[in-house]
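Hi,

Here is the structure I promised to pass on. Have a look at it first, and my notes on the aromatic side chains follow below.

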Amino acid sequence: MQSYDVVIAGGGMVGLALACGLHGCGLRIAVIEKQAPDTRFDPQAPFAVRVSAINSASERLLGRLGVWQDILAKRAAPYQGMEVWDNDSFGRIAFSAAEAHCEHLGHIIENDVIRNALWERVQKLSDVTLLTGTQIRQVVWGENDAFITLENDDMLTTRLVAGADGANSWLRQHADIPVSFWDYEHHALVATIRTELPHENVARQVFHGDGILAFLPLPDAHHCSIVWSLPGLTAQHCLDLDDAAFNHKLAAAFDLRLGLCEVVSERRAIPLTGRYARQFAAPRLALLGDAAHTIHPLAGQGVNLGFMDVAELIGEIRRLTAEGKDIGNYFWLRRFERRRKQSAAMMLAGMQGFRELFDGSNPVKKLVRDVGLVLADTLPGVKPALLRHARGLSDMPDWLREPKPASAEKI
């Protein structure tokens, strides 16, 4: 029977970030991950189709965890501008780093690059144990400990289980935590695109009658990652098109803003479902990332919301440990739960309202959203507030707002 203070189920970006953040707290930490990643990096390899838009708050967290410079040394694309417009209409809004008095608004980074940097970091930490090639088979929730049996028959005890095991979280289901969910009735079609014109480090998004199309700049000036939210049947039709027909349809949907487009990767369609767990914590359990919530990708905030779950839980565990309190007691975990449920609920509601406003081509709705975009672009104080929200600066826990210690990695 191996004894730990925190056992993290899931070795993805969120689970590994938590492990890195708890390093040095005097706790024994274990990460359970079925499939260890291949961390070899070839800078000449094609770009992966799954990317994340990392905002300023997540960038700060990754810097505090000691992995940000490693990520930049591999592959990351800073973007200095964002443009959003309504197709065939006058509605438009643009943001720039210069307006926000910063060097960049965020970075577009392949998910594998982030995960691999975190994995390499965790491997170097003496207080973190990686348990790979297995997963949880059973959990018994005790008053003072959780008792875990793995598929390889190893047994663990822990004071706290952190569920970072994805949207279909086994831990959430095992703890009988209900989840509200809704089908967005869209799929996210993702691919890598070569463009005729350079992207100039600007993230672009266009709304049209039946979907939302984002072009996210990659490190190469003529390559972008696309996220195209479409009804299921339309997405399947786009998957079935040959490359030439797909390129033509894509360029037309994007108003030829970057000239002709050429798909240079596989095309993949991912069903979009919203989820919101009724509880983010329970006795001996805390849920993080997709295990607690999933949102529409139209604002690229899913992984950032998960990273702020991690930041909040790191702060709470550090505080409880310093005060000698039981880190797995639900009474003490409720502060983490309240804060993160509020942030997730606001984000889910905002994204749902935004999506409904920009869905369809009803003339009245189209006029309302076009006027709204123009007003948001011109009224004093509106754009700075929107940009601050997009950068995640209003969602950081207190410890992440504080000045970096002298030994912390520069961001």
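A charge sits over a ring here if NZ of Lys or CZ of Arg is within 6 Å of the ring centre and within 35 degrees of the ring normal. By that rule R257 lies over the face of W85, 3.8 Å from the ring centre. R267 does likewise with F246, its charged end being 4.5 Å from the centre of the ring.

Before going on: this is a predicted model, where local features need pLDDT of at least 70 and side-chain atom pairs count only at pLDDT 80 or more, while totals for chains, interfaces and linings use all residues. Residues are numbered from 1 along each chain as its sequence is written, and side-chain values use heavy atoms, leaving out hydrogens and water.

Now the rings. Those of Phe, Tyr and Trp (its six-membered ring) pair if their centres lie within 6.5 Å; planes under 30 degrees apart are stacked, over 60 edge-to-face, and the rest tilted. That gives 6 aromatic pairs. In one, W228 and F246 have ring centres 6.2 Å apart and planes at 55 degrees, so this pair is tilted. W228 belongs to strand β15 (residues 223-231) and F246 to helix α7 (residues 243-253), so the pair ties together parts 18 residues apart in sequence. (Helices, H or I of at least four residues, and strands, E of at least two, are DSSP runs numbered from the N terminus.)

Y276 and F280 have ring centres 5.6 Å apart with planes at 65 degrees, so they are edge-to-face. W85, F215 and F254 form one aromatic cluster.

Cheers
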